[in-house]
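Good morning, and thank you for coming. Please look at the sequence and the structure as I bring them up, and then we shall go through them together.

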Amino acid sequence: MKIYWIKAQAPRRVLALAKHLGVKAELVEMDLMAGGLKTPDYAALNPNKKVPTLVDGDLVLWESAAIMAYLCIKTGSDMWPAQNPPEQVEVLRWLSWEASHWGPAVAPFYFEHVVKSTFGIGPPDHALLADSVAELEKFAKVLDGHLAQRSFVACNRLTIADFQLASMASYWRESEMPLAAFPHIVRWLDALWRIPAWAHPWPARAAAAADQETFRTSLQEPLQ
Ligand SMILES: N[C@@H](CCC(=O)N[C@@H](CS)C(=O)NCC(=O)O)C(=O)O
């Protein structure tokens, strides 16, 4: 099995899950800035010219949520509840909400700070982020209300929905995301950082740079 990745949030979900589940895979880092995703060979695997992409035998799969579900099915993990249709619907609801609402609301902050700084493509546009605050607050209110009585997004346990929703929001403190006013989101994100594979998803070569993430030790509540 191969997983193609760059150091960005969608592959992060998949690499963290693969590590968490102990999946044996060849992790192929692509060179975004050198045009690695635009080569004919890679575009033949993923016509979106994006990562992650998983190749397992004859199967070629893109979209991180689908890849995460596949890895769970392959390893028998209930982080994607393949055996429980009502739970599947619950997880699917949050994956859909992330794709339609939460992801687009947090993405400007993540892009302006984390992506630009990771790939050296300029300073953050603070004016653009000021215009993005209201939309993020609108959906943060929904998620915060949902998490008020819960430790996880769905099924009262860790699922791929947590990884899907947290991959950009986890960087809220360094991205100007106005999430300090949403204590249940902060508690949930801080607890996720206590999962070793979530805190350290990157393979060895990228791990040194990623070690800066270890500063997030100010966790408020243990993972349940
Ligand atoms: N919905 C896709 C998103 C894929 C995506 O946007 N990947 C980004 C990294 S987070 C990428 O490959 N960016 C490179 C580019 O657009 O050139 C998924 O979840 O897999």
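In which sense do strand β3 and strand β4 pair? Strand β3, residues 53-56, and strand β4, residues 59-62, pair in the antiparallel sense, over 4 bridges. Strands here are DSSP runs (E, at least two residues), as helices are (H or I, at least four), numbered from the N terminus, and two strands pair if DSSP finds at least two bridges between them. Opposite D56 stands L59 in β4. The two strands form a hairpin with 2 residues between them, and in the turn G57 has a positive phi of about 65°.

Before I go on, please note that this is a predicted model: local features need pLDDT of at least 70, and side-chain atom pairs count only at pLDDT 80 or more, whereas totals for chains, interfaces and linings use all residues. Residues are numbered from 1 along each chain as its sequence is written, and side-chain values use heavy atoms, leaving out hydrogens and water.

Let us turn to the ligand. The residues that surround the ligand include R13, K50, V51, E63 and S64; a residue is near if one of its heavy atoms lies within 4 Å.

Which polar contacts, meaning pairs of N or O atoms within 3.5 Å, does the ligand make? A polar side-chain atom of K50 lies 2.6 Å from an oxygen atom of the ligand, and a polar side-chain atom of S64 also lies 2.6 Å from a ligand oxygen atom. A polar backbone atom of V51 is 2.8 Å from a nitrogen atom of the ligand.

Notes
Polar contact = N/O pair within 3.5 Å; in protein donor to acceptor, adjacent residues only side chain to side chain.
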